[in-house]
Amino acid sequence: MPDLCDLQIHVNGQQTFFLHEKVLSRFCGKLRKIITEEKRRSQIRKSGIEIDDFPGGAEGFELISRFCYNNGSITITVSNVSLLHCCAVSLGMTEKLSSCNLLHQTETFLEGLFYWSWTDILTSLRTCESFFSFADSCGLIQKLMNSLLAKIAQNSDVSVLFASSSSSSSSPDTPNGLFLRTSNKAAWWFEDLTILSPKIIQQFLKTLGAFGSDNNNLVLTRFLLHYLKTATQCKANNNNLISRSEYTGLADTAVHGVVLMGRTAFSCRSLFWVLRIVSGFGLSRECRAGLEKLIGGLLDQATLDDLLICGHNGGAYDVNLVVRLIRLFVDHDKVVCVPRMMNLGRLIDKYLREIAPDQSLKISKFLAIAESLPDYARDSFDGVYRAIDIYLESHPALPLEERSRLCRCLNYDKLSLEACKDLAKNPRIPPRIAVQALASQGSNFVKEKDTKKKTIKNPSSMKNSTQMVLYKKNKSASDHHQISFSPVDAESEHMRLNLQRMQWKVVELEKVCKEMKGQMSRMVKTPSHNRALPRLC
């Protein structure tokens with residue numbers, strides 16, 4: 001057999017074919033030229049030829065060999081026509097060499113492309129994935145793509161308008177002007193296109209003039225999100241690492257569409273869903289910043305589940321993302337309405353309590369979240385205190401200085417009496433912090449008391465003065481005595497009751513303070529024999 005085969009061809013460094021020179025030269029013009037040049041250079045009849053970047057590799061060259069040895073005949077199907085066509089173009093198998101050349105046969109088969117079924121078009125497109133660049137350069141991808149778009153227009157309930165999505169300059173006869181409109185639901189073709197590679201989907205978008213920043217189409221944006229979601233699920237199911245670089249362009253295109261449509265087409269929860277999907281595909285900085293800015297403006301509408309995004313670099317939660325979103329919300333408008341800010345404050349307090357048990361959560365990250373909101377965003381700091389207590393309980397090895405640093409985000413003036421009492425008794429809270437909290441509560445009561453006294457001394461400042469009338473009933477039912485009090489007397493009685501209630505609260509605080517001082521004295525108390533004796537001068 002080696003004596004009969006006078007030609008060795010090494011294809012893409014994968015496989016070596018032993019063939020007959022005359023058989024291949026009869027149909028392959030490029031191969032005939034290469035053989036002639038090799039003979040002239042080496043003067044060796046049995047020469048080996050290297051062919052690199054051959055479409056389809058060894059599989060494609062095997063089909064070509066069968067065609068040549070079968071006297072220019074091979075069965076062409078939708079599954080192999082793309083490969084055969086590209087191989088014929090690569091080897092110059094034109095009518096100049098033979099009337100039954102392969103290039104003419106594949107072109108004839110492709111002439112019926114617009115009569116193919118939807119499945120046939122997808123099958124042929126999918127076979128181009130391994131030699132996409134060559135198929136694109138010879139115009140095959142564009143032919144298949146135009147046929148695919150025609151099928152979408154013919155077999156769907158969508159309105160297909162031949163007009164440019166950005167302007168009316170595109171010709172209605174070109175696929176670049178194709179603009180799809182449909183409802184918010186996924187179109188029937190969404191799932192079918194998920195079997196195609198990112199390169200083919202990218203070409204699909206370019207054909208529609210909606211790739212990258214040119215995407216202003218809600219339908220294509222929703223399709224891309226569906227496509228990326230499916231790719232993420234396939235990665236999780238197969239435990240395969242997908243190439244992020246292949247999907248980056250698609251992720252950026254989807255985000256451009258989302259940002260352009262904005263809150264008119266996507267709710268806050270939907271935007272978080274988008275962020276979760278595209279984050280795994282190497283999103284560009286510009287697109288990420290635009291998406292985060294859009295989410296930040298709606299952050300008060302988010303839920304706790306929305307904020308619980310998995311972190312990176314070993315963290316359970318992406319705290320840095322939440323910090324950025326809060327800052328964007330605060331800076332969105334220089335004057336944010338108080339109710340919206342307070343809604344966000346309650347949400348962030350819940351988030352703090354949720355992430356506090358995370359062992360990898362640093363104090364700096366905790367404080368970054370707690371201190372990112374202005375003071376007026378919280379009418380009470382009880383939620384922040386509960387989050388601090390959970391953090392200290394989950395991180396028992398924290399030194400005293402770190403525990404004190406953690407408590408700096410508390411506003412003692414906005415702690416309730418119950419929270420302040422619990423703080424004073426809490427062994428995890430540094431004693432100095434407990435004293436400051438109690439002192440703040442006491443000063444607040446004193447200020448309120450002084451304010452009430454000034455109000456009593458200045459009756460003219462009272463508003464809505466009323467007269468209190470009491471009736472004293474005698475033994476005779478018909479005999480009544482009217483006792484009239486002036487407005488000043490009535491207000492004084494009201495003030496007296498308020499002051500009495502405040503005094504009771506102060507007494508409770510003093511009891512708590514005494515208990516705390518007792519705990520502190522027991523903590524700092526040391527045995528007498530350990531004390532250093534005073535030095536005598």
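## A network of salt bridges

R288, E292 and R324 are linked in a network of salt bridges (a salt bridge is a side-chain nitrogen of Lys or Arg within 4 Å of a carboxyl oxygen of Asp or Glu). The structure is a predicted model, in which local features need pLDDT of at least 70 and side-chain atom pairs count only at pLDDT 80 or more, while totals for chains, interfaces and linings use all residues. Residues are numbered from 1 along each chain as its sequence is written, and side-chain values use heavy atoms, leaving out hydrogens and water.

Helices (H or I, at least four residues) are DSSP runs, numbered from the N terminus. R288 is partly exposed, with a relative accessible area of 24%, whereas E292 counts as buried at 6%. Buried means under 20% relative accessible area, exposed over 50%, and partly exposed in between (1.4 Å probe, protein chains only).

## A pair in helix α3

R66 forms a salt bridge with E62, with 2.9 Å between the closest N and O atoms. The two residues are four apart in helix α3 (residues 57-69), so about one helical turn separates them. E62 is partly exposed, at 35% relative accessible area.

## A pair between loops

D375 and K414 meet in a salt bridge through their side chains (3.1 Å, N to O). D375 lies in the loop between α18 (363-370) and α19 (382-394), and K414 in the loop between α20 (400-406) and α21 (417-425), so the pair ties together parts that are 39 residues apart in sequence. D375 is partly exposed at 38%, and K414 is partly exposed at 23%.

## Total

The count comes to 10 salt bridges.
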